[in-house]
Amino acid sequence: MKLLYYPGCTLHTVAVQFDQSTKEICKQLDIELIEISDFTCCGGLYPQTTENLMQLQAPARILVQAQRTDPNLELMTLCTFCYNTLKRTHYTLKKDEQKRNILNDYLEEPYNAKVKIVHLIEVFRDDIGYDTIRKKSKRSLLKGFRVAPYYGCLLLRPMNEIELDDQEQPSILEDLLYAIGCDVIEFPYRFDCCGSFHVVNKPEIAEQCSKELLRYTEQFHANCLVTCCPLCYYNISRFGGTDFNFQIFYITQLVGLALGIEPIKLGLDPEIINKFISDSYLV
Amino acid sequence: MSMFKKTNEEFVHEVELLSGQNLFSCYQCGKCSAGCAFANFMDMLPHQVIRFLQLKKVEPVIDANTYWYCAACLTCTTRCPKSVDLASIMEALRNIMIRENRPYIQVFSLPVEIIEGFPQQAAVSALRKLSG
Ligand code: SF4
Ligand code: SF4
């Protein structure tokens with residue numbers, strides 16, 4: 001299958017492992033990624049007030065760029081900020097014709113409000129299917145990974161606009177992790193905020209949030225945390241670094257390991273992975 | 001007395017317009033504050049912001065740091081039993097302050113080295129939410 005791919009601002013810079021591991025697994029699963037050209041930042045967090053036209057322009061431009069590249073393909077994105085912002089922008093423009101008409105004057109071509117935005121984990125669930133993933137995975141490999149699935153704040157909310165999974169009782173990450181053979185922890189703190197953008201001017205807030213999250217992770221005897229968000233990844237690894245004995249992974253890195261891809265190709269340190277795998281014999 | 005040209009009534013009306021919310025939908029259960037990850041840093045809890053606005057007491061709300069400390073995580077919006085979109089109310093407050101030229105941070109007050117080290121969406125979001 002073919003998908004359009006919008007990497008956003010982080011996937012080629014601070015989250016290269018995420019990009020790299022995604023490309024590796026897509027190769028294995030016969031998914032062709034077509035990166036849209038000439039894209040900009042989506043604007044980070046979605047502008048929530050009623051007078052948000054100006055800030056909707058950047059994400060709307062990306063949607064138009066996708067429509068121009070190939071109107072029949074779905075637009076896949078990985079970063080939860082991008083995913084959330086693009087989906088909510090699409091929702092607003094689809095629903096609000098007046099806003100769409102005004103914005104259209106500022107876009108390369110009018111937006112048809114038909115682009116379907118998907119997250120890679122959605123493609124796994126709906127197009128590839130967990131059964132296929134289970135069959136292709138070396139499931140015994142991931143036995144030592146006691147994973148706490150971490151959704152963070154943006155992946156699912158608000159549910160009526162994102163329509164990925166239930167916002168309070170989701171299972172999309174858990175199901176995928178089960179399919180690849182991890183020991184999945186039932187993790188009640190999976191939506192707790194990592195401190196988000198406050199790390200920029202009030203790092204102490206992000207520090208407290210991330211450390212609290214890791215304390216819970218420890219209480220639940222998880223030895224790693226899995227996320228889809230480059231900012232969660234950054235905050236948690238920055239503030240949890242030395243105090244906690246844990247590892248944070250992008251979901252695609254674990255899927256890649258299960259599919260038998262070498263750690264180094266997924267942006268992972270083989271030594272760390274070996275430790276996990278040898279630990280699994282102790283359990 | 002308000003430091004704006006707006007009266008308190010006008011201010012509250014603008015919050016309602018920008019957020020698209022009816023402030024009187026809130027029945028003060030406090031569930032939003034209970035789940036807010038930033039509540040212990042805030043001078044005024046999220047549900048108290050709504051209460052003050054219901055009573056048209058604007059000054060204590062704008063003096064509090066609550067709406068600047070809100071990270072727009074939508075936890076409160078998700079859980080409110082009355083479907084009040086509190087995250088949008090916080091955003092409306094930020095927007096009004098930014099329009100009044102009273103942003104929380106100045107773009108140029110952040111050293112470039114600091115911004116460069118972060119995932120870009122953190123810097124973009126912080127600047128968008130806190131300085132317009
Ligand atoms: S959860 Fe909703 S109803 Fe309860 S205090 Fe907060 S805004 Fe008001
Ligand atoms: S959206 Fe803001 S007020 Fe609501 S829970 Fe998140 S940080 Fe707190």
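Is Tyr189(A) buried, partly exposed or exposed? In this predicted model, Tyr189(A) is partly exposed, since its relative accessible area is 23% and the range for that class begins where the buried class, under 20%, ends.

Over all chains, 15 aromatic pairs are found. In one of them, the rings of Phe145(A) and Phe249(A) have centres 5.8 Å apart and planes at 50 degrees, so the pair is classed as tilted. Phe145(A) belongs to the loop between α6 (130-136) and β5 (146-149) of chain A, while Phe249(A) sits in strand β8 (residues 247-250) of chain A, so the pair ties together parts that are 104 residues apart in sequence. Both Phe145(A) and Phe249(A) are buried. For Tyr189(A) and Tyr216(A), the ring centres are 3.6 Å apart and the planes meet at 10 degrees, so this pair is stacked. Here, too, distant parts of the chain are linked: Tyr189(A) is in the loop between β6 (183-184) and α9 (203-219) of chain A, and Tyr216(A) is in helix α9 of chain A, 27 residues apart. Ring pairs also join Tyr189(A) and Tyr216(A) with Phe187(A) and Phe220(A) in a cluster.

Lysines accompany some of the rings. Lys275(A) lies over the face of Phe276(A), 5.7 Å from the ring centre. In chain B, Lys82(B) lies over the face of Tyr27(B), at 5.5 Å from the ring centre.

The interior comes next. Nonpolar side chains tend to be buried together in soluble globular proteins. In this model, the largest nonpolar core has 151 residues, and those touching the most other members are Leu75(A), Phe145(A), Ile236(A) and Leu254(A). The element giving the most to this core is helix α7 (residues 86-99) of chain B, with 8 residues. Domain 1 (2-119) and domain 2 (130-281) of chain A each provide at least three residues to the core.

Chain B also surrounds the ligands. Ligand 1 has 13 residues around it, the closest being Cys26(B), Cys29(B), Gly30(B), Cys32(B) and Cys80(B). Helices α2 (31-35) and α3 (46-54) of chain B each supply at least two residues of this shell, whose make-up is 8 nonpolar, 3 polar and 2 charged. The shell around ligand 2 has 9 nonpolar residues, 1 polar and no charged. Among the residues around ligand 2 are Cys36(B), Cys70(B), Cys73(B), Leu74(B) and Cys76(B).

Leu74(B) is found in the loop between α5 (66-69) and α6 (75-79) of chain B and is buried, with a relative accessible area of 3%. Ser83(B) likewise has a positive phi, near 55 degrees, and its place is in the loop between α6 and α7 of chain B. Ser83(B), however, counts as exposed, at 60% relative accessibility. In chain A, a cis peptide bond joins Arg157(A) and Pro158(A), with omega about -10 degrees; Pro158(A) lies in the loop between β5 and α7 (159-162) of chain A.

How values were computed:
Residues numbered from 1 in each chain as written. Chains lettered and ligands numbered in written order. Predicted model: local features only at pLDDT ≥ 70, side-chain atom pairs only at ≥ 80, totals over all residues. Heavy atoms only, no water. Near = heavy atom within 4 Å. Helix = DSSP H or I, 4+ residues; strand = E, 2+ residues; numbered from the N terminus. Nonpolar A, V, L, I, M, F, W, Y, C, P; charged D, E, K, R; others polar. Phe/Tyr/Trp six-rings, centres within 6.5 Å; stacked < 30°, edge-to-face > 60°. Buried < 20%, exposed > 50% of the residue type's maximum accessible area, 1.4 Å probe, protein only. Lys NZ or Arg CZ within 6 Å of the ring centre and 35° of its normal. Core = buried A, V, L, I, M, F, W, Y, C linked by side-chain atoms within 4.5 Å. Domains from an automatic or database assignment.
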